[in-house]
Amino acid sequence: RLVLFELDYGATILPPGHAGDEAVRRANAALDASLPQPRAGRRIPRLLSDRGMTAVTATPMSFAVSEPIWRRIVRDTLLTRAGERLDGMVATWLEEHAAVAAAGGFVAAFTGILTTARHPG
C-alpha cells in the first residue's frame, strides 16, 4: 500500500485584502511560477494509475493555515523565489497580510490530496 499527501497550490485560497482580487490573482500566479510542481497533488493519482497501481483513491483535504505556515509557504516563497521580480501590488498585499497573520486572522487555506494506492502484486 502506498499513501501520499501533496498540496495542490491551484486550490489555494488567499483573501484579497484592500488590493482586491487582482492582488490575489497576481500572488497566485507568482506562487505558481515559483514552485516546481504547483499542481502535483492533482497529478499524483493519474501518475500512479498509469504506472499500474490499483485501488487508487484521491481525497482532497482543505485547512486554514497558521501564521508560521503562511510565512514559510506563501510569504517566504514569494520573497525568496520571486525576489526583485515581485510585483508591487503583491508586495503590498504581502505586507498587509503579514499584519493580519500576526494578529491571528485568516490569511490562507490550502488543499492537499491524500492519495492511496495498492501495488497489484
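This is a predicted model: local features need pLDDT of at least 70, side-chain atom pairs count only at pLDDT 80 or more; totals for chains, interfaces and linings use all residues.
1. Two strands are taken to pair if DSSP finds at least two bridges between them. Under that criterion, Thr54 has Arg118 as its bridge partner in β3.

2. Overall composition. The chain contains 4 helices and 3 strands. Read from the N terminus, its elements follow the order β-α-α-β-α-α-β. Along the principal axes, the C-alpha atoms occupy a box of roughly 55 × 30 × 20 Å.

3. Burial and contacts of the chain. Of the 121 residues, 35% are buried. The chain exposes about 6,900 Å², of which carbon and sulfur atoms supply 55%. Where contacts link residues at least 6 apart in sequence, 84% of them join residues at least 24 apart.

4. The sheet. The 3 strands make an open sheet, ordered β1-β3-β2, with antiparallel pairing. Strands β1 (2-7) and β2 are the edge strands, each pairing on one side only. From one strand to the next, the twist averages 20°.

5. Strand pairings. Strand β3 (residues 109-118) is joined to β2 by 9 bridges, and the two run antiparallel. Between β1 and β3 there are 6 bridges, again in the antiparallel sense. Gly112 deserves attention in both pairings: this residue of β3 is the bridge partner of Met61, and Leu7 also stands opposite Gly112.

6. Strand β3 is largely enclosed by the rest of the structure, because 8 of its 10 residues are buried. Helix α2 (residues 40-50) lies across β1, β2 and β3. The direction of α2 is at about 150° to that of β1.

7. A nonpolar surface patch. Phe5, Met61 and Phe63 form a nonpolar patch on the surface, and together they have about 260 Å² of accessible area. Phe63 belongs to strand β2 (residues 54-64). With a relative accessibility of 33%, Phe63 falls between the limits of 20% and 50% and therefore counts as partly exposed. Met61, another member of the patch, is the residue bridged to Gly112 in β3.

8. A buried loop residue. Leu14 is situated in the loop between β1 and α1 (21-34). Is Leu14 buried or exposed? Its relative accessible area is 6%, and buried means under 20%, so Leu14 is buried.

9. Surroundings of Leu14. Leaving aside residues up to four places away in sequence, Leu14 touches Val24, Ala27, Asn28, Leu31, Val74, Trp93, Val107 and Ala108. How far apart are Leu14 and Val107 in sequence and in space? They are separated by 93 residues in sequence, while their C-alpha atoms are 6.2 Å apart.

Terms used
Residues are numbered from 1 along each chain as its sequence is written. Side-chain values use heavy atoms; hydrogens and water are left out. Patches are made of residues with over 30% relative accessible area and no salt bridge: like charges are joined within 9 Å, nonpolar side chains (Val, Leu, Ile, Met, Phe, Trp, Tyr) within 5 Å. Accessible areas come from the Shrake-Rupley method with a 1.4 Å probe; for residues, only the protein chains shown count as cover. A salt bridge is a side-chain nitrogen of Lys or Arg within 4 Å of a carboxyl oxygen of Asp or Glu. Buried means under 20% relative accessible area, exposed over 50%, partly exposed in between (1.4 Å probe, protein chains only). Axes are lines fitted to C-alpha atoms, for helices over the stretch in contact, and angles run from 0 to 180 degrees between N-to-C directions. Contact means heavy atoms within 4.5 Å.
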